[in-house]
Amino acid sequence: MTRLDRRNFMKLAGASSAALAAGAGASGQALAGTADIPSKEASGIDFSPTTGKQLEAIPSACWQCVTRDSIIGHVEDGRLRKIEGNPNSIRTLGKLCARGQAGVNQVYFPDRILYPLQRVGKRGEHKWKRISWDEALDTIAAKLKELRDAGTPELFMYQYGRHKASQAATMYDFMAAYGTKTIGNHTSVCEAGKWVGQESLWGGMYDNWDYDNTDFVVIFGSNNFEAHTNHIPTAQRLIRAKVQRNVPVYTFDVRLTNTAAMSTEWVPINVGHDGLVMLAMCNVIMNEGLFRKDHFKFMRVTKDYKASVDDRIAAVTSQVAAFTPEFAEEQSGVPADKIRQIARDFAKANSACLVTYRGTVMHYHGADQERAAMLLAAITNNLDRAGGRVMGVGAGWKHPSSPVAEVHKSLNINDGFPGEAAYPTHHVSHQVWPMIKDGSHGRPKVYWWSCYNPAFINGDNNGVAAIMADESIVPFQICTTIVYDESSQYADIILPDVTYLERWDWEDMVSANQIAEFYIRQPLVKPLGEARCQGDVWPELAKRIGFELAYSSKEDFVRQSCEMTPGVKGAGGFEYMKKHGVWHDPNAKPNYGFYEATVDTSGDGVILDDETGVYWNWKKSGAKDEAEAKSVGYLKTPGAKKGYVAQDIDGTAYLAYPPNTKFVKAGYLDFYSDNFAEKGLPAFPTYTPIPEHTKKADDELILTTYKTAVHTHSRTTHCKWLSEIKHDNPAWINSKTAAERGIKDGDAIKVTNGTGEIATTAYVTEGIIPGIIAISHSLGRQQSGVYGSGKASPTPGGGAADPDAKNKWWDKHGVHPNVLMANWSDPISGTMRWMDNVVRVAKA
Amino acid sequence: MTETKAPMVNRRDVLTGAGGAAAVGAVAVAVPASEAKAAAKAPRWAMVMDLRACIGCRACTVACKAENDVSLGRFRTVVQEKTWGTFPETKKRFLPIMCNHCAGNEKDKVPPCVTACPEYPGERRKWTIPSGEKIRYRHGATYKRPDGLILIDKELCIGCGKCLDACPYGVRSFDPFVKAGKDPTEQAADKCDMCAHRVDNGVEPACVNTCQGRARIFGDLNDPESEVSMLVKEHNLATPDYVLLHEEGTNPHVFYLDPDGVMKTVYKQREKGKLDHYVDQIP
């Protein structure tokens, strides 16, 4: 695999150029500290290993993944040398993962796009000429102005992958001022099913796990130690809980992930059965009387809003009666006794976290599996309690807004084909390109994408590429990017984006300790070449089209936001944030059990809805008058949830679980969901076998994918320090499954199905269940520059040469499993059924 | 490993605090009070790797690359991982490895990499401890500083590669970007220097700074109050089972807190003349 014997070192040595370092270990230097390490004063600073000079330390924020850790950048003479965690962050506690540490590579990788480019050959011919920003913006402004003037601003579509906080806010602000609502995201390939499952219940979204206070952890389909949406804040707290407080951690997964490996026990489970095992745990807990009554009064478990707690307990017991541990064992492969033991320990623990992620939700009825997880947490009184599954808390920033355009509308291509998904509250992004091709719901005339790579990250990604390549489908395509990739190769204009280390933002990601952290991103170095932040492009473009925005640059937007946001402003506003990077309210306390707050219902316009027991303010609902509001009722009045005040429970008005999302519901946890029942979906969490798996032939295998500790899905392969560690992705296959096919470790194999075909190699291991294969989905790049794809990008200009490029020693770059994935959607949430695909595997 | 002899601990260690933890079977000799006092102020840097807490995230590997701008094709620290057992009773664990900053055996007082260096022993140099007192030591292209760090002076290096071969752990490589100071036709040897440029300024090494699980703990063995001293004492880590290749007699100062016996199961030794074991790879 490697070729790092001494001879190679000698060869490299002979071929290398200078860049001489001064000799280390000069004598006579005094030690500044001995036993004080690590000291608070001595963190957040760094020194040059060659010159010994102290580096300039600038607080900012990571963007390698959605976790967005607060960081310190260490800069020497205008060059970024090193990134570390910000020791003053209550989220990250000064830690950073491998990806974050490799952020330096994002700025300086040799294939980086640094100038605006215009296509000169056919799409996909890789022929480009460098143009000026003026030319680029004039061309784009002319196209957009034409659509706007014609009253069809919706024919301009913008789609993004990773936009968050002020990066998203500035974009949405521009699009509203321009007039298009045709804005796509990427969430259906990410986690939409999890959000939808949660929204249907507690009205909020994004759970966090209170590892600092928990006594017991059960994880399903989530690789917290390698990846995850809140990796650094949560993973360190989880391993600390396990090592320092001996907290038991059980991880159900199809694969021996690092998380499973470092758990008290890895519990192998068949693909798509997380929800069933959770329901079986509920079965054990209900039948053995191990449940806690506390939460039942906040749960709606039958049609009847006013059922007694005893009735509710009886109803839940009956709903989960069919899911015996023995039945679950048959389907899931998890021994019934193991289910019983973990269920009992989970229920008896003083507090317990139930963790789920993509392994649970990226399935047929994945949103319902998430609902099963919420049920298990609720019956054990572990929802939003200290040490339990709690509602995420993030920073709430105020920010400037520009006037919205008079004509502000959308093409209906974001939520999948008609009837595809019942509640696509986070859209069906993987179907955007198939819908554009279909054309019956309209086609954008201009499509602009940024920090997004649809021809790599979606299902049937080669199919997406073919649509993007066809000039007759979308006539004008713009891509803002730092790297030439599978999608930008089909752009008509490429705009050079800044990296996250060269731009301004405010940030708001969820805390791990239930106290909001406000933090900012600021440039660590000047943008390389002519790279420009999107937030600086919007005001410039608006001017050229003929309207004004409420901010003149991204920095201005962040400055105004800092001066508008109460706590941040009080601390010193923009200047404080530039200096410290982070701020949190020192008096803030975790708001556990928010649903138990009692609410004053005496306000003007507040009425009690007889059917549901909801107190609501009809004046905020859009109802004509009180009489109409009363006769139509809370559930049937459009906009009634805007007027939600409280839930009456046994004569007390509780805040309960307000319907803060698109779901119309009362203040109960809607385990019985009218929303679901109305659409013919399971009203109560249940077990629904995955159709493709039940129909699967005996010799077929299920395909699953995963992330490793050193890559994101699509934005890190050009980072040399990460690809050096992980550049090939052989398919994990159990030794028995391999033997049945005559496959040995390292053999070339062919993986095929109706969607596509790949050639790869086998990694034969005992660390995966039989009957499946698992392939990491970060690799197999067609384009990603020399470190990611093995070939230089065909773009002129480019980043400065990296003398280290000649030391690149790997020549494998993996294969991409998405060519085998169909763009199937969960009929509940519209989430892409990422883990449902079936394949044939044979020795090549 | 069958022998049960403790790692050798040099006299200064024994007499200045670490001895309490590490002097299992070592010789305790009375020394003049003044020498003990001076020694007490000199640190003896060491690392404890808590294998219960290493989650294999590779932040240390990459932090080291970034901190020291380590070229592709070589590493100053890596995480080894191993999967063993039969499904479903399969296990996987992680082992971070790096230069052990060995104290060397009783006779040499320096590890084999220093002994192998043709430029060692070079001139006598003085090294100032925080109290202002000076400690004399022998310099070389590879040498042991009085605080225990094994360092490379690339200005003195001739690029012969003898230290690369001599290190039983195989943690040294040639730096393709730095010429050997005394023979510019060759490249200088390179390895982990415990981030001396940070440590000398009171900042912990880059790999320690970013470790999520606090699996890497750095500190002064000569300070009985330091976390490393307390861990070494509490878990009896200065014993053959908790250092790599004790039988080589190198007296390593990277200790593994390892109640589950992970170190011996996971550790992949170097093959002679090769460094494949020292390339961080995720399967």
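Reader: Is Lys348(A) buried or exposed, or in between?

Author: The general idea is a count of neighbours: a residue is buried if 20 or more other C-beta atoms lie within 10 Å of its own, exposed if 12 or fewer, and partly exposed in between, with C-beta atoms placed from the backbone. Lys348(A) has 13 other C-beta atoms within 10 Å, so Lys348(A) is partly exposed. Lys348(A) belongs to helix α12 of chain A; helices (H or I, at least four residues) and strands (E, at least two) are DSSP runs, numbered from the N terminus. Between Lys348(A) and Phe291(A) there are 57 residues in sequence, but 8.6 Å in space from C-alpha to C-alpha.

Reader: On what kind of model and numbering do these values rest?

Author: The model is predicted: local features need pLDDT of at least 70, side-chain atom pairs count only at pLDDT 80 or more, and totals for chains, interfaces and linings use all residues. Residues are numbered from 1 along each chain as its sequence is written, while chains are lettered from A and ligands numbered from 1 in the order in which they are written.

Reader: Which residues of helix α11 of chain A are buried?

Author: In α11(A), residues 325–332, the buried residues are Pro325(A), Ala328(A) and Ser332(A). They fall within an arc of 60° when seen down the axis of α11(A), so they line one face of the helix; the arc is that of the directions from the helix axis to the C-beta atoms. The face turned away from the buried side of α11(A) carries the exposed residues Glu326(A) and Glu330(A). Just after α11(A), Gly333(A) takes a positive phi of about 80°.

Reader: What covers the buried residues of α11(A)?

Author: Cover is read from contacts, where two residues are in contact if their C-beta atoms, placed from the backbone, lie within 7 Å. For α11(A), the cover includes α9 (274–287) and α12 (336–348) of chain A.

Reader: Which residues of helix α17 of chain A are buried?

Author: Helix α17(A), residues 461–469, has the buried residues Asn461(A), Val464(A), Ala465(A) and Met468(A). Seen down the axis of α17(A), these residues fall within an arc of 100°, so they line one face of the helix. Among the elements that cover them are α15 (432–438), α16 (454–457) and β16 of chain A.

Reader: How many residues of strand β15 of chain A are buried?

Author: In β15(A), residues 446–450, five of the five residues are buried, so the strand is largely enclosed by the rest of the structure. Val446(A), Trp448(A) and Ser450(A) point one way from β15(A), and Tyr447(A) and Trp449(A) point the other way.

Reader: With which strands does β15(A) pair in the parallel sense?

Author: Two strands pair if DSSP finds at least two bridges between them. β15(A) pairs in the parallel sense with strand β6 (residues 156–160) of chain A over five bridges, and with strand β16 (residues 476–481) of chain A, also in the parallel sense, over five bridges. Trp449(A) in β15(A) is the bridge partner of Gln159(A), and Trp449(A) stands opposite Cys479(A) in β16(A).

Reader: What is the order of strands in the open sheet of seven strands?

Author: The order is β5-β4-β17-β16-β15-β6-β7 in chain A, with mixed pairing. The edge strands β5 (128–130) and β7 (183–184) of chain A each pair on one side only.

Reader: How many residues of chain A are in contact with chain B?

Author: In chain A, 78 residues are in contact with 83 residues of chain B. α7(A) supplies the largest share of the chain A side, six residues.
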